[in-house]
Amino acid sequence: MTQQEALFAYCLRRGDDNLILSHRLSEWCGHGPQLEEDIALTNRALDLIGQARNYLQYAGTVEGKQRSEDDLAYLRAERQFMNVKLVEMPNGDYAHTIARCFLYDAWHLPLQQALMNSADEQLAAIAAKAVKEITYQLKTSGDWMIRFGDGTEESHRRAQAALDELWTYTGELFETDEVDAVLVKAGIVPEMGPIKAAFDAKVDAVLNEATLKRPADGFMMTGGRQGKHTEHLGFMLAEMQYLQRAYPGATW
Amino acid sequence: MSENPNNWPLWEVFIQSKRGLDHKHVGSLHAADAQMAIENARDVYTRRQEGQSIWVVPAVAISASQPDDAAMLFDPADDKTYRHPTFYQMPEGAKFI
């Protein structure tokens, strides 16, 4: 695998994680439990799509086949998406939505902080911009985990159930393969070890304050990074890509 | 909406647009506590670079004058022009007042 191929794959992974989670969160638009939460989640979705655009634009440049960010977002099939399964899972209830955001943010922040030191200037610049947004995202999702966990009996039960269900999807966040190996060697992406340590420390601190129990590491889902997804992604893409599929080349 | 007991309390939001300027009232929102009110205010009222500092105040903590009292409270000032500095003539030769 050449460095260029690895960098393209890496940008797709980062872009797809953000794009798919952004679309999931956008499904809450107009359905939030409070007007204020509705706006907050939509802001979060917009932050993520901004980050997705940066990665997909760069992926197109690295690939050098004239594919735009829109081509990559709207004209790839399910098996060509490289996101982790965590982000494609349906929203569930609000505790489920927030727990997913929290687990994602707790991984995303240390990863992007490390990427600020990338030998690739473009990746470093993308990370520098994203880190401020993610810092806030992690703070708010962590605050909500504490509210839910240390809230009422029902909110605690729902938050714990969400964590228990989502935990098996966290393993994928820390998977590494040849793509990572090639890029780590070139100083373009960080080693996963310190990212996992930061994730563990943050998750433990928040769950402890939230009086929630950290699920045991057991069986972990895998496959997303190879384009093998759950049954949920196809339905989501059908909606997300509908317009470009039905009216190819349509623009605003 | 405010009659629903499940609703969070109302907070009034004040945004400072620049350092040194005053915090201006921009609107209100619902939140469970002050921390959440600040976070919600950030998302609702500062999305377009409106501010660099946020104050939130529980709406119940604000006491307001009654509209019905407006005549009694404010109309008497109508004919008291001598309360404006411009009512007075500048003394000859005074440079800084």
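Helices here are DSSP runs of H or I of at least four residues, numbered from the N terminus.

The model is predicted: local features need pLDDT of at least 70, side-chain atom pairs count only at pLDDT 80 or more, and totals for chains, interfaces and linings use all residues. Residues are numbered from 1 along each chain as its sequence is written, chains are lettered from A and ligands numbered from 1 in the order in which they are written, and side-chain values use heavy atoms, with hydrogens and water left out.

Helix 4 of chain A is largely enclosed by the rest of the structure, because 20 of its 22 residues are buried. Buried means under 20% relative accessible area, exposed means over 50%, and partly exposed lies in between (1.4 Å probe, protein chains only). At the start of helix 4, a side-chain oxygen of A:Asp93 comes to within 3.2 Å of the backbone nitrogen of A:Ala95.

A:Arg44 belongs to helix 2 (residues 35–63) of chain A. Its relative accessible area is 9%, so A:Arg44 is buried. Contacts are heavy atoms within 4.5 Å. Neighbours within four places in sequence aside, A:Arg44 is in contact with A:Leu25, A:Cys101, A:Asp105, A:Gln137, A:Thr140 and A:Ser141.

Grid points are joined across faces, edges and corners, and a volume is the space filled by probe spheres set on the points. This rule gives two cavities of 30 Å³ or more.

The largest cavity holds about 170 Å³ of space. Its lining has 18 residues, and A:Ala40, A:Arg44, A:Tyr136, A:Thr140 and B:Asp43 lie nearest the centre. Both chains contribute: helix 2, helix 4 and helix 5 (121–149) of chain A and helix 1 (34–45) of chain B each supply at least two lining residues. Helix 2 of chain A gives the most, with six residues. By class, seven lining residues are nonpolar, five polar and six charged. Ala, Val, Leu, Ile, Met, Phe, Trp, Tyr, Cys and Pro count as nonpolar, Asp, Glu, Lys and Arg as charged, and the others, Gly among them, as polar.

The second largest cavity holds about 70 Å³. Its lining includes A:Tyr10, A:Trp107, A:Glu172, A:Asp180 and A:Arg225. Helix 1 (residues 3–26) of chain A supplies the largest share, three residues. Four of the lining residues are nonpolar, none polar and six charged.

On the chain B side, B:Arg42 sits in helix 1. At a relative accessible area of 28%, B:Arg42 is partly exposed. B:Arg42 touches A:Tyr136, B:Arg47 and B:Ile54, not counting residues up to four places away in sequence. Its side chain also makes a polar contact of 2.8 Å with the side chain of B:Asp43. Such a contact is a pair of N or O atoms within 3.5 Å; within protein, one must be able to donate a hydrogen and the other to accept it, and residues adjacent in sequence count only if both atoms are side-chain atoms.

B:Lys95 lies in the segment after helix 2 (70–74) of chain B. B:Lys95 is exposed, at 71% relative accessibility. B:Lys95 and B:Ala37 are 58 residues apart along the chain, and their C-alpha atoms are separated by 49 Å. A:Asp150 and A:Asn208 are also 58 residues apart in sequence, with a C-alpha separation of 9.8 Å. A:Asp150 is in the loop between helix 5 and helix 6 (153–166) of chain A. Beyond four places in sequence, A:Asp150 touches A:Glu209, A:Ala210 and A:Thr211.

Backbone angles come last. Most residues other than glycine have a negative phi. A:Thr211 has a positive phi of about 55°. A:Thr211 lies in the loop between helix 8 (192–209) and helix 9 (231–240) of chain A, and is partly exposed at 45% relative accessibility. A:Gln66 has a positive phi near 65°. A:Gln66 is in the loop between helix 2 and helix 3 (69–74) of chain A, and is exposed, with a relative accessible area of 75%.

Technical notes: On a 1 Å grid over the protein atoms alone, a cavity is a set of points where a 1.4 Å probe fits but cannot get out, and a pocket is an open set with protein on both sides within 12 Å along at least five of seven lines; lining residues have an atom within 4 Å of a point.
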